[in-house]
Each structure stands twice: as C-alpha cells, then as structure tokens.
Amino acid sequence: MKIVPKSPNSRSSKTESLLPSTLPDFRKPVSRSRSIRIDFGAVALRPESLMDKFVIRGGNPLVGSVRISGAKNAALPAMAAALLTDEPVILENIPDVRDIQTERNLLVSMGAEVELGYGRASHRTTISCSNLGNPEAAYELVKTMRASTLVLGPLVARMGRARVSQPGGCAIGARPIDLHLKGLERLGASIKQEHGYIEASARRLNGGHIIFDKITVTGTEDLMMAATLAQGETVMENCAREPEVIDLAVLLTKMGAKIEGAGTSTIRIQGVEKLHGARHRIIPDRIEAGTFVIAAVLTGGDLTLTNCDPTHLGSLIQKLEEAGVRITAANDSMRVTNGHQLIAADISTEEYPGFPTDMQAQYMTLATQAQGTSLITENIFENRFMHAHELVRMGANIKVEGRRAIVRGKTQLSSAAVQCSDLRASASLVIAALVADGETIIDRVYHIDRGYERIEEKLKGAGAQIRRIGEILPKRAQAPSVVA
Ligand code: UD1
C-alpha cells in the first residue's frame, strides 16, 4: 500500500462517520495496488476508536507466550531520519500503533512517499523523501503527537528550513522543546517563534559543541540527526543513553553518517555531505515487554515474551527481583512466573539505565499488590500520577505528595469504570483490571492505541478476558421514530 499526498478534491472512503473527515485505518488489510488518500485537516485518529472502551473481567492468569512488537520510540526517530536522504529508507519491525500512523501522515504531508508492507511484511515501511515540498509539521498533527518535533533537526539539515508547530503542554507535564532549539542554534540555525510555530533556518548547519542542560531523549535524537549533515564535527555532552538513541545511531550509520559514542553521555558526529538509503530493523519495545511482565506477575501467570531484548530492561528486572518476582531471561525472550507474595520495593524514575518513567504507572499497580509500603518517586515529568486517582477508585491505597506517591499494599482491587489519561497510565489501568474482581470498563483507550499494538488481542491470546467495545455503537445516532 502506498500513501500519497491528498489531491484537493479527494475524500476519504470513511467520511460518513462522526468526525468531519478521517484517515485510513492501517490495521485493515488492503490490496497491493490500492493507494490511500489522506485528509491532512483531519485528526489522526480512526474516529470510531475515539469512543472505544475495554471491558475486562479480572482473575485469569496470563499464560503462554506473547510476541513483543518493535519499539514505537525507536521507530519514530527512525522514520524522521528518512527525511535526511533522497533515497528510500526501509524500516522493519515497525509497530502497528497510532503514533506511527500519525508520523506517516506527517511525512506524507511534506511530500514523502510512504509505502506500507502487507501480509507477512505488514510491519515494514519504505519511506522515500526524494521530492520533499513542504517542510512543515502542522498543529493538527503535532498536537496529537509531541514526537512530531523530531522532524525539526532533519528538515533544517536537509532542506535548510523547517516550520514546526509548538507542541504545547501535555497530560504529564509542560514538556518544552527549548533544548532542541538551543542545540540547533549552537549548530548555526536561526530560530523564530511566532503564531504558535517554530521556524528554523540555516543555509548549512555547522558542527558545534552542545552540552544539554538536562538529559532529553528526543532532543538528543533530533540534534544527532541534524549534526549528521552539518559541516564539521559536533560534540554533544550530557546525552540520553537510551537503547532507542543507539538504534537511531545504528540506522544513521547505515545511511553513511559518522557517529561515535551513542549510548554514552558524549556523542561525536562528523558531518557528511550526503546520506543514502538503508534497510534497518527496529529494536523490540522494552516498555511493552515490561508492561506484559508486570501483567503476568500480578495475575499469577506463567508467560514467555518472545522477540524482546532483556538487556534493555535491566533496572526493571532488578527491581522486580527485589520484589520477589522470578524472571528467566534468554537472548531474545523472557519467562515470568509468579506464585510468591510480592514485597514492597521503592522506585525512583531516572534516565536510562535507571528505572524508566514509562514503567512507573504499571509499577504502581504492582505496588498495590505488594506486602508493605512502596515509595514511588517520579523525577522525569512533573505531573505523571494521573493513574493514581483511578487506581484509588479501584480500591488502591495511594497518597500523592508532589513528585512522590506512597502506595500501601496489599489491597484488593475491585472493578470500576475508569478513564485513561495518557499512554502509560492506560496500561496501568488495564493491568489493574486484570487482577480486579468483576468487570472493569476502561474509557478513552485511544491513549493506549497510541503505543501498544493490539494489546487486547495479545492479552486475550494469553488467557485474559478482555473485549474492545465501541465499534458496535452506531456510526450515526438514529432519530427516534415519532408515532403520531
Ligand atoms: C521520550 C519518550 C517518552 C519518555 C521520555 C523520558 C519518545 C518518543 N518519547 O520523550 O516516552 O517518557 O523520553 O524517558 O522517545 N525537557 C526540557 N526541554 C527540552 C526537552 C525536554 O525541559 O527541550 C524536559 C522534559 O520536560 C522532561 C525531561 O526533560 O522533564 C525529559 O524529557 P525528554 O527526555 O525530552 O522526553 P521526550 O524525549 O519528549
């Protein structure tokens, strides 16, 4: 399937739904020849999924095996990296999640050709940016996914200019991108901010010395991409060391970039004139793997995760072992068994290789089932405890004090109607519902669809009782018939 930019009069085939216009549902198989036209004025959501809910009946242990998808947070910068070359970049193990759809739409809106694999190659995407016309990331797309700002560095480096909407705040905190902008200025770009947009330009970027005030994952990635085409050497200090940064450096190196030190806090990049196409397989999603590990532990299951990389989960595995969990790790799989009482263990989120903030919410659900009091400290984002209130509604004993949450276990969780507030908070509620008594209804699951591939199918395959509802609702409300 090939996605092409929209022609002025085109209409999506799904326009008769609740929202004014729609984007294609990439989950549905389509024939090879079919091309899909996209309305870029639309919100990047399958409209009916805005109403989707999960109904989960708790109490079933997760058993068997679950295949872990490619890492969303590695796939997003990899797709942005395709902007750096006029040759095709082929990416494999791309997860089928909403954020990836949003990024595809963003690239297409700039004139890129994005081809989707189908059937057995359904997780492959080929991106060709030979004819980029419009180096702009519009508000409609950026507001649905902050990582859209990852196109900023590559666009300035390749096209000499970029216009990217300011992302604004989000559910988990202010999340500014000032460090991306300061870094680009250090590489010689001039930056203007007006009407809610950032405009960056440079005839050609020059290598420079960047010391990040604070460790930023996408900031490191954005500037690493920009520096690959700058004139001369760039040295970046206090860089993020996440596996996703390393994965991006591996892809860029395959494209002809000269990068040393990715995965350490100092990265050196020798700028080159041009990058070329490459083929790359995205690393497994460590956060998805960690989420299934906790779900298996709490349901007292016996679950094997395949296609994962346990070396990326060091801090989580260590903490879970401290809490009494048994994990057997092999090269690309992990087996979790649990029949023991969990013991409370404190966590404090840190940059990699510390405990990931993206696992904090799921760990909080685990803490509600551990014997004793767990102290959870969130150091990365200032407002990342929204799930705590929903867990309390399910019977948990949690007190939030600023950046700390005190969780007293063990409490019986009971089913309730709850609401997702962000991606990882949603995961914590799904896990809670799997251990709660009765039937929990989780609303706003579009948050979870942003980053978990078919989570309900994976959970169902491992024995959970979970159903997505929403699509059974009528697309249009029927007018009540009037009886005279
Ligand atoms: C990435 C991940 C996200 C994860 C987060 C922290 C992707 C697509 N997303 O987000 O899942 O939760 O890392 O591991 O990879 N900051 C600034 N100024 C900046 C940039 C960041 O002050 O210019 C602050 C942020 O507000 C935050 C901290 O730095 O407090 C870390 O944020 P950052 O690492 O940039 O997160 P993201 O890259 O957005």
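Before the strands come up, let me say that two strands pair if DSSP finds at least two bridges between them, and that helices (H or I, at least four residues) and strands (E, at least two) are DSSP runs, numbered from the N terminus. What I am showing is a predicted model, in which local features need pLDDT of at least 70 and side-chain atom pairs count only at pLDDT 80 or more, while totals for chains, interfaces and linings use all residues. Residues are numbered from 1 along each chain as its sequence is written, and side-chain values use heavy atoms, with hydrogens and water left out.

I will begin with the sheet that contains strand E3. This is an open sheet of four strands, in the order E24-E25-E3-E26, and its pairing is mixed. At its edges stand strand E24 (417-419) and strand E26 (465-469), each of which pairs on one side only. From one strand to the next the twist averages 20 degrees, where axes are lines fitted to C-alpha atoms, for helices over the stretch in contact, and angles run from 0 to 180 degrees between N-to-C directions. Helix H12 (residues 423-435) lies across E3, E24 and strand E25 (439-443), at about 30 degrees to E3, with contact meaning heavy atoms within 4.5 Å.

Now to the other four-stranded sheet. It is also open and mixed in its pairing, with the order E12-E13-E15-E14. Why is one side of E12 and of E14 left without a neighbour in the sheet? Strand E12 (209-211) and strand E14 (258-260) stand at the edges and each has a single partner strand, so one side of each has no neighbour there. The twist in this sheet averages 15 degrees from one strand to the next. E12 pairs with strand E13 (residues 233-237) in the parallel sense over three bridges, and Ile 210 has Met 236 in E13 as its bridge partner. Helix H6 lies across E12, E13, E14 and strand E15 (267-270), and runs at about 25 degrees to E15.

Strand E17 (residues 302-306) and strand E19 (residues 333-337) run antiparallel, joined by five bridges, and Thr 304 stands opposite Arg 335 in E19. Strand E18 (residues 326-329) also pairs with E19 in the antiparallel sense, over four bridges, and the two form a hairpin with three residues between them.

Finally, the ligand. Which residues are the closest to it? Of the 18 residues that surround the ligand, the closest are Leu 179, Thr 216, Thr 218, Asp 358 and Ile 380, where near means that a heavy atom of the residue lies within 4 Å. Taken alone the ligand exposes 740 Å², and the protein buries 87% of that, by the Shrake-Rupley method with a 1.4 Å probe. Helix H5 (178-186) and helix H6 (217-228) are the elements that give two or more residues to the shell, and H5 gives the most, with three.
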